[in-house]
Structure formats: C-alpha cells, structure tokens
Amino acid sequence: MINHTFNNDTIVAVATAPGVGAIAVIRLSGPEAITITNEVFKGKDLSKQASHTIHFGTIRDEGKLLDEVLVSLFVGPHSYTKENVVEISCHGSDYIVQQIMQLLLKKGARLANAGEFTKRAFLNGQFDLAQAEAVADLISSDSALSHEVAMKQMRGGFSQEIKRLRAELVHFASMIELELDFGEEDVEFADREQLRTLILNIQAIIRELLKSFELGNVIKNGVPTVIVGNPNAGKSTLLNKLLNEEKAIVSDVPGTTRDFIEDEINIEGITFRFIDTAGLRETTDKVEAIGVERTMQKLSQSSLIIYLFDMMEVTAEEVQAELDRLNPKKLPLVAVANKIDQASPEKLAAFASIDNLVQISAAEGANLDDLKQALVEKVNLGKLNTQSQTIVTNLRHVDSLNKTYAALDDVLNGLALSISNDLVAADIRRALYSLGEITGEITTDDLLDNIFTKFCIGK
C-alpha cells in the first residue's frame with residue numbers, strides 16, 4: 001500500500017536549464033493550471049481548447065505586455081502528471097522568466113519542489129517508482145548505453161520482471177494464509193515442494209539481477225580508469241591525447257603530476273572516467289609522496305587499470321614484476337608500452353610476453369585507436385543485450401533485492417525445519433515487502449522525499 005500525503009494544488013517551475021537562452025519553458029501542473037494561465041494569456045480562450053494543442057499569444061500583467069509566447073495544453077488525464085498541464089514557451093531572458101513566474105505565483109500557483117512533477121505522475125499512477133527513477137537516469141544519461149538502459153527501465157522493463165516475481169510469491173502467500181484460517185483442520189493448500197522450487201527459481205533470477213548491477217553501474221556512472229606508471233612514462237601526455245585537450249601539465253621533469261586529474265571520454269557508447277595519477281616511485285619530496293599515496297588509493301578504487309611504461313627505460317621482466325605488485329586483485333588491466341616512435345623492431349619484440357599489451361606513442365598519438373578498442377573489450381559489454389536483458393542500475397534496488405533474497409533464504413530454512421505456517425508466512429511477507437519497495441507498491445513519504453528531492457526543479 002502506498003502511504004503518502006499529497007497536496008492537490010497547482011505547481012509551477014521553470015523546466016529549462018538556468019541561464020540566458022533563445023527560449024525558456026515554464027511548466028504548470030494541477031487542477032487550476034489552465035485557469036491560471038488563461039487569466040494572464042491574451043489570445044484564444046484556453047479553457048475551450050483541445051488537449052495537445054499549441055497557441056500563440058501574449059502574457060500580460062494587468063495590461064503590461066511581458067512577452068509573446070507559445071502555450072502548450074495537456075488536459076488531464078492525458079498528460080505527464082495526469083493533471084492539467086500547461087507549458088509556456090517564452091523568450092529566454094532571465095528577467096522575462098522571473099516576471100512571468102511572479103505573475104503566475106500571484107495568480108495562485110505555488111513553486112514546485114524538486115522532482116514534484118514526476119512525483120505527481122507516480123502518485124497519480126502514470127508509472128511506478130522504478131520507472132520514475134529511470135526518468136532521472138534518462139535526464140543524466142551521457143552515453144548511448146546509459147540512454148538505452150534508462151529508456152528500457154522507464155518503459156517498464158525492470159518493473160515487469162519484479163511484478164512477475166512478486167505475483168508468483170503472492171499466490172503462495174495467500175495459500176499459506178488460507179491454511180492459517182483452517183489451522184485446526186490440518187489442511188494444506190500450498191504445495192511445499194512447489195513453493196521451494198519457486199523460491200529457488202526466484203533466487204536464481206535475483207542473483208542474475210544483482211550480478212547485472214556491476215555492468216549497470218558501469219553504464220550509468222562510467223568506468224573508473226586509473227592511468228598509472230613511473231614518472232615521465234607519458235601518463236599526462238596520454239591523457240591529453242585521449243581527451244584531445246591540454247588537461248594535464250606535460251613536462252620532462254619527473255614527478256610533475258603530484259595529484260590526480262580526472263576527466264571523461266566516451267568510447268563506443270561507454271563512458272570512461274580517466275584518472276591521471278602521480279608517478280610511482282620512492283621519493284623524499286613530501287608533496288610528491290602524498291601524490292604517490294593517493295595514486296595507490298585510486299588504484300584500489302578503480303575498475304580498470306592502464307599501466308603505462310616507457311619501453312626505452314625498462315625491461316619486460318621489470319614490467320611484469322610491477323604488474324604483479326600493482327594488481328593483486330587481478331582487476332581488468334591494459335599494459336601500454338609508450339614511445340614506439342623511438343624503439344627498434346628488436347625492442348618492440350622484447351615485450352611480446354606481456355599479456356594484454358598495446359604499443360603506442362603518446363606524443364605522436366600513434367595506435368590510440370588500438371588502446372581504445374582494448375579498453376572497450378576489457379569492460380566486457382560486448383555480449384550485453386540492453387534490449388532483452390534486464391539491468392539493475394540503482395543502488396536502492398540492489399538493497400531491496402538483497403533483502404528479498406535473505407527473506408527467501410529464511411523461507412527455505414523454515415520449510416526444511418518444518419516450522420509453523422505463521423512464521424513461513426511472515427518470511428514470505430518480508431520478501432513481498434522488499435520487492436514492493438522497488439516498484440512503489442510499498443512505500444512511505446520518507447522514501448518518496450528521498451528519491452524525488454534528488455530530481456531537478458521542473459521535472
């Protein structure tokens with residue numbers, strides 16, 4: 001059951017990003033959205049116009065012309081929030097926007113809270129909570145894959161999976177609850193072996209969903225990729241070439257980079273968050289030593305490592321020893337031999353024993369496409385089918401799935417020990433509750449506030 005309080009008033013907010021632009025869009029939603037707009041709009045009588053129509057006119061404050069505008073009408077329930085919705089497209093001057101906003105507030109609208117339009121859409125049954133959260137993911141998507149996954153979730157792909165699992169559990173829960181009503185007659189409506197099989201199947205699906213979060217998190221937030229190596233190996237030069245800008249200071253003096261530098265690049269629809277770090281070496285310079293320490297911290301937090309070395313300065317044996325030392329957790333790693341423009345064929349061949357090796361010239365930009373391809377392959381999204389595969393991208397959903405799995409474990413243990421029906425039923429209800437939290441069939445005001453206050457104003 002959804003537990004919430006909801007004010008049925010009319011809200012208003014600027015739906016476009018702040019700053020001066022060609023146009024700005026002011027959005028209203030609520031029972032008086034059309035009436036309030038009609039009071040300040042000079043043109044057609046908006047109360048007599050059909051839904052999904054656009055009308056040209058002016059906005060006036062007691063005769064004072066504020067702007068020429070286009071007004072879009074969406075009559076409830078055929079709108080984003082299922083309420084009457086009006087969108088006023090005006091010129092993008094901050095002054096004009098504020099004048100129109102103040103006028104609408106004076107006429108009876110109130111400022112919308114963050115995410116309140118989407119919250120109203122959820123509360124009015126336009127979509128469930130998981131779909132509502134996907135709206136925020138869609139807005140913040142910055143790659144082809146993150147956009148694709150958010151679109152699928154917004155259209156209910158993940159929600160349908162959860163609802164199907166929950167419906168199967170509800171059936172058995174109702175059967176066990178029915179047995180409690182006939183406790184004295186020793187009847188069994190729920191086949192215990194079928195229930196056990198169902199729970200094992202649901203747990204297998206949950207394990208796959210939880211496993212997908214590793215990929216989902218990469219798609220949504222990018223791949224933390226640390227560039228490490230000895231001083232003057234060319235890490236900053238490589239970062240600048242990958243980003244196609246002078247982001248990091250390049251110098252012949254070893255130890256120039258003393259702190260980490262971060263930036264992003266999109267490769268084949270995947271966002272990589274590159275982190276250029278201080279060179280790895282023993283040093284008596286306190287500031288540089290702190291940089292090296294931070295490098296090791298970033299290394300432990302990364303999902304992908306680029307180990308860059310100057311092939312003119314080290315041997316293959318030294319490189320391999322350093323790789324073994326730096327990557328005890330065996331994270332995905334690409335070894336990159338730099339300065340091929342200075343190396344002889346014999347020198348190039350000397351490093352053939354290094355696994356996952358890419359040979360480049362950071363200064364010349366040679367073979368960077370090979371490096372990018374190696375990075376994409378290491379992320380291992382090649383077999384990912386975002387059209388058919390359900391992918392979890394939200395940490396809240398992961399928490400609820402883990403709680404569901406634990407509750408189902410308790411059900412299995414209860415069945416094995418032949419505990420009383422009321423305890424088995426209680427554990428099933430816990431699992432149902434946790435699944436219901438994902439889609440919003442079970443929710444609270446605090447949960448909704450926590451979710452929707454993270455949205456932008458106007459959405």
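The accessible surface of the chain comes to about 22,400 Å². Carbon and sulfur atoms account for 50% of that area. The model is predicted. The chain has 459 residues, and 47% of them are buried. Its secondary structure consists of 15 helices and 13 strands. Among contacts with a separation of 6 or more, 66% join residues 24 or more positions apart.

Leucine 70 belongs to strand E5, residues 64-74. Its relative accessibility is 40%, so leucine 70 counts as partly exposed.

Helix H4 (residues 129-140) packs with helix H15 (residues 445-452). Their axes are 11 Å apart and meet at an angle of about 20°. H4 and H15 are therefore roughly parallel, because angles under 35 degrees count as such. On the H4 side, the contact is made by Leu129, Ala132 and Glu133. H15 contributes Leu447, Leu448, Ile451 and Phe452.

Side chains of opposite charge can pair when their charged atoms come close. The structure holds 20 salt bridges. One of them joins the side chains of arginine 120 and aspartate 9, with an N to O distance of 2.6 Å. This pair links distant parts of the chain, 111 residues apart. Arginine 120 sits in helix H3 (residues 116-123), whereas aspartate 9 sits in the segment before strand E1 (11-14). Arginine 120 has 0% relative accessibility and so counts as buried. Aspartate 9 is partly exposed, at 25%.

A salt bridge also forms between the side chains of lysine 106 and aspartate 61, at 3.3 Å from N to O. Lysine 106 lies in helix H2 (residues 94-106) and aspartate 61 in strand E4 (residues 53-61), so the bridge ties together parts 45 residues apart in sequence. Lysine 106 is exposed, with a relative accessible area of 53%. Aspartate 61 is partly exposed, with 23%.

Another bridge lies within a helix. The closest N and O atoms of aspartate 427 and arginine 430 are 2.9 Å apart. Both residues belong to helix H14 (residues 421-439). They are 3 residues apart, about one turn of the helix. Aspartate 427 is buried, with a relative accessible area of 13%. Arginine 430 is partly exposed, with 38%. Elsewhere, salt bridges with shared partners join Asp9, Glu83, Arg110, Glu116 and Arg120 into one network.

Key: Residues numbered from 1 in each chain as written. Predicted model: local features only at pLDDT ≥ 70, side-chain atom pairs only at ≥ 80, totals over all residues. Heavy atoms only, no water. Helix = DSSP H or I, 4+ residues; strand = E, 2+ residues; numbered from the N terminus. Buried < 20%, exposed > 50% of the residue type's maximum accessible area, 1.4 Å probe, protein only. Axes fitted to C-alpha atoms, helices over the stretch in contact; angles between N-to-C directions. Parallel < 35°, antiparallel > 145°, perpendicular 65-115°, else oblique. Contact = heavy atoms within 4.5 Å. Areas by Shrake-Rupley, 256 points an atom, 1.4 Å probe, with all protein chains shown as cover. Salt bridge = Lys/Arg side-chain N within 4 Å of Asp/Glu carboxyl O.
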